[in-house]
Amino acid sequence: MTYSEKQFSIPELQGISAKTIEEHLKLYAGYVKHLNLIQDKVAELSADYEKNAFTIGELRRRLGFEFDGMRNHEYYFEQFEGGAAAAEKDSDFAKKIDADLGGFDAWLTGFKALAMTRGVGWAVLYFDKKTGQLVQTWIEEQHLGQLAGLDVILALDMWEHSYMLDYVPSEKKKYVEAFFSNLNWKVVEERYVKSVSQL
């Protein structure tokens, strides 16, 4: 299968510059490109698998990094489409946050704190269809630490490329606030509803 770059309709954002989004989308395009290159190279080398087993193995190790980089960024950019939209405090998603994570406002404060974890990575909120619970975690390397089988509901990129053109590292809290001020919560809520519908 060949993967294609998704096109995102991202409006002008407050606190996250058009240049940052432009450069960030180039990085996303690189994940798609290299994922396809890896797949093509593995297919080519597999003609003599025994001879190329080591190289194929190393390429397959790299595939997870490229694939998850592609997919995580698709979750990320989709959250800006349609412009900022406030969270519906009486939505099924907000009610689930209340039930599982101690109330929407308290959860959001905690999620922002999660995003401030030292180092680079992702703050992610998942839905676990096996338990019917929301789960959140910090992921440093996108191919290491993803929670298997869980649906991504909210994804916040905390690698420095996400904000360095706008904020120095000591100001990354401002980027987190800018992210949430531009977030289309309807996208997040729809992800949750879709995931629940698959139970």
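Biologist: Before we start, what do the values rest on?

Modeller: This is a predicted model, where local features need pLDDT of at least 70 and side-chain atom pairs count only at pLDDT 80 or more, while totals for chains, interfaces and linings use all residues. Residues are numbered from 1 along each chain as its sequence is written, and side-chain values use heavy atoms, with hydrogens and water left out.

Biologist: Why is Leu183 called buried?

Modeller: Buried means under 20% relative accessible area, exposed means over 50%, and partly exposed is in between, with a 1.4 Å probe and protein chains only. Leu183 has 1% relative accessibility, so it counts as buried.

Biologist: Where does Leu183 sit, and what does it touch?

Modeller: Leu183 is in the loop between α5 (172–182) and α6 (185–197). Helices (H or I, at least four residues) and strands (E, at least two) are DSSP runs, numbered from the N terminus. Contact means heavy atoms within 4.5 Å. Not counting residues up to four places away in sequence, Leu183 touches Gln79, Ala84, Ala85, Leu154 and Val188.

Biologist: And what makes Gln14 exposed?

Modeller: Its relative accessible area is 55%, and the cut-off is over 50%, so Gln14 is exposed. Gln14 lies in the segment before α1 (18–45). Beyond residues up to four places away in sequence, Gln14 touches Ala178, Ser181 and Asn182. Gln14 and Ala84 are 70 residues apart in sequence, with 9.7 Å between their C-alpha atoms.

Biologist: Which label does His24 get, buried or exposed?

Modeller: Buried: His24 comes out at 1% relative accessibility. His24 is in helix α1, and apart from neighbours within four places in sequence it is in contact with His73, Tyr76, Phe77, Asp157, His161 and Ser162.

Biologist: What makes β1 a partner of β2?

Modeller: Two strands pair if DSSP finds at least two bridges between them. β1 and strand β2 (residues 133–139) have seven bridges, in the antiparallel sense, so they pair. Trp122 has Ile139 as its bridge partner in β2, and Tyr126 stands opposite Val135. The hairpin of β1 and β2 has four residues between the strands, and there Gly132 takes a positive phi near 70°.

Biologist: How do you know that β1 also pairs with β3?

Modeller: By the bridge count again: six bridges join β1 to strand β3 (residues 151–157), and the two run antiparallel. Val124 has Ala155 as its bridge partner in β3, while Ala123 stands opposite Leu156.

Biologist: Why is β1 called mostly covered?

Modeller: Seven of the seven residues of β1 (residues 122–128) are buried. Trp122, Val124, Tyr126 and Asp128 point one way, Ala123, Leu125 and Phe127 the other, and all are buried. β3 is mostly covered too, with seven of its seven residues buried.

Biologist: How do you know that α3 has a buried side?

Modeller: In helix α3 (residues 92–101), Phe93, Ala94, Lys96 and Ile97 are buried. They cover an arc of only 155° around the axis, so they are on the same side of α3. The arc is that of the directions from the helix axis to the C-beta atoms. An α-helix has 3.6 residues a turn, so residues three or four places apart point the same way. The exposed residues Asp92 and Ala99 are on the face of α3 turned away from its buried side. The buried residues of α3 pack against α4 (104–115), β1, β2, β3 and α6. Just after α3, Gly102 has a positive phi of about 80°.

Biologist: Which residues line the largest pocket, and how do they split by class?

Modeller: Asp68, Arg71, Asn72, Tyr75, Tyr126, Gln146, Leu147, Ala148, Gly149, Leu150 and Val152 line the largest pocket. By class, that lining has six nonpolar, three polar and two charged residues. Ala, Val, Leu, Ile, Met, Phe, Trp, Tyr, Cys and Pro count as nonpolar, Asp, Glu, Lys and Arg as charged, and the others, Gly among them, as polar. A pocket, on a 1 Å grid over the protein atoms alone, is an open set of points where a 1.4 Å probe fits, with protein on both sides within 12 Å along at least five of seven lines, and lining residues have an atom within 4 Å of a point.
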